[in-house]
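Here's a quick tour of a few spots worth a look while you have the model open. Grab your viewer and follow along.

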Amino acid sequence: MPRGKAHASFFIVCVFCPRLLPRHLCDVYCLLIGHSFTHSAFLRLVLPQPLITMAESRNESSEVIKNNDRAMKTVILYEALQKKPIFGSYRRFCALVGQDAMEFPDFEFWYYRFYHGQTDFYYDRSMNPVPKTIMDMPVSLIYKITENLDPVDKAYLRTMNKSLKDVVDSRAPVFEKINIHGSDDYLNWSLNDKRFECFKKENACIFFTPNEESKSDKSFVQKSLEYLSPLFKIPKIQVNHLSIAVLDRMTALNYLLPVPFHVKSVELYAFNMNQVFPFLSALIPGELESINLKAIQWLERDQISRIFETEQFKQSKHVQLKGRLNEEDLVRFSHLKSFKCELNSFEHVDVLRIRDIISPFEQLESCELMYYDVLNRFPIRFIAQTLGEEVPFGPLKTIKHSYPIPESNEHLEFEMDTGEYHCTIKIHKIR
């Protein structure tokens, strides 16, 4: 390359890509001009302090590099010299220059030329045979290949180019399970069986994928959302089971889910139940069959009422709710096939009232009521007598009771177990 043009492209990258300055630039510069320098001489003669200061103080400009072919190849050369996996290099290149600056096959060509020491920026590719790509295959075969990929690989595949993105988006990906767990110093998530972790460090973060570990000067939330946000932007993405846990007052995930979002089963766990509602409201009522809600703080009455008024709750089939419910709240569960919840431990348990409320539930198959008996408000011997059951001598920990439902051939089977500080009422409908 002519030395003047080498200088020009090199300094464009230096000024507009200051984050490339710390490593390997001496090697890049020496390859460009055909001379060798020690690192100290390079810094003294080639990158004087004013230029470094200017580079550090200016914003990166992708347009300047995108419009300069030599500058783009200089960035690729820098990536090749680091000898890191090409896919990560291409993602960094796109993040710096722009997603539409260069297709992956072209990046791959120049990357491996530079990787193997061939640093001629003006190599004429017109004489080379046109390489075959996946897009040269029959469309039916491409669809067949993408159908056999798991949803995680599909999510990455759609970032390669627009054609592959269109192919992937034409078939809605279905994840068996997505788990997201966040706190004030980490974000972890798993997509099916592939796990990702991002931990907060001082002014930085450390990021783990199934294949590599990396460090970033971005916050752990920002770095995590770089992966999570594009995933949930895939059109018509579907999840069989979604689990989200936010264990502090983090709000960064509140608007992560698209609206509407296709989920069959959800488990939401938060510091306060109010943090659950942004996630719950994004899920499609009717498609959402199973709901599990719990919070570290006790539920307030207004929060319980708000849950009952959501369409997601009204159209669900299975519900688990951690909170202090009153016996009269059980009326709101009449549409469910199964439910599991906690009763207010500061009130006496009226098993006959519970039986009267639940027995008319036409859809019910089973339910489980938990009661924390710290104040001995669940006198099991007295309850057994109230239900008309025979009370044996000695310790009594379990009661079984069968109740024929009036005007029906069905009956309810009760089993009540007591522990040291809690009791459980399990009810099954026998048809």
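Let's start with Ser243, which touches Ile178, Asn179, Ile180 and Glu267, leaving out residues up to four places away in sequence. Keep in mind that this is a predicted model. Ser243 sits in strand 6, residues 238-246. Is Ser243 buried or exposed? Its relative accessibility is 15%, and buried means under 20%, so Ser243 counts as buried.

Next up is a loop residue. Met160 is found between helix 10 (151-157) and helix 11 (162-169), and with a relative accessible area of 17% Met160 is buried too. Setting aside neighbours within four places in sequence, Met160 is in contact with Phe87, Tyr90 and Glu103. Which distance separates Met160 and Phe104 in space? From C-alpha to C-alpha it's 6.8 Å, although the two are 56 residues apart in sequence.

Now for a pair of helices. Helix 6 (residues 69-82) packs with helix 8 (residues 104-115) at an angle of about 55 degrees, and their axes are 9 Å apart. The two helices are therefore oblique to each other, and their crossing is right-handed. On the helix 6 side, the contact is made by Lys73, Ile76, Leu77, Glu79 and Ala80. Helix 8 brings Phe107, Trp110, Tyr111, Phe114 and Tyr115.

| Helix | Residues | Buried residues |
|---|---|---|
| Helix 14 | 301-309 | Gln303, Ile304, Ile307, Phe308 |
| Helix 16 | 351-358 | Val351, Ile354, Arg355, Ile357, Ile358 |

Why look down the axis? An α-helix has 3.6 residues a turn, so residues three or four places apart point the same way. In helix 14, the buried residues fall within an arc of 140 degrees, so they line one face of the helix. For helix 16 the arc is 165 degrees, so its buried residues line one face as well.

What covers those faces? For helix 14, the cover includes helix 13 (277-282), strand 8 (290-295), helix 15 (311-314) and strand 9 (318-325). For helix 16, the cover includes strand 10 (338-343), strand 11 (366-372), helix 17 (380-386), strand 12 (398-404), strand 13 (411-418) and strand 14 (422-430).

Key: Residues are numbered from 1 along each chain as its sequence is written. This is a predicted model: local features need pLDDT of at least 70, side-chain atom pairs count only at pLDDT 80 or more; totals for chains, interfaces and linings use all residues. Side-chain values use heavy atoms; hydrogens and water are left out. Buried means under 20% relative accessible area, exposed over 50%, partly exposed in between (1.4 Å probe, protein chains only). Helices (H or I, at least four residues) and strands (E, at least two) are DSSP runs, numbered from the N terminus. The arc is that of the directions from the helix axis to the C-beta atoms. Contact means heavy atoms within 4.5 Å. Axes are lines fitted to C-alpha atoms, for helices over the stretch in contact, and angles run from 0 to 180 degrees between N-to-C directions. Angles under 35 degrees count as roughly parallel, over 145 as roughly antiparallel, 65 to 115 as roughly perpendicular and the rest as oblique. A crossing is left-handed if the near helix is turned anticlockwise from the far one by less than a right angle, and right-handed if clockwise.
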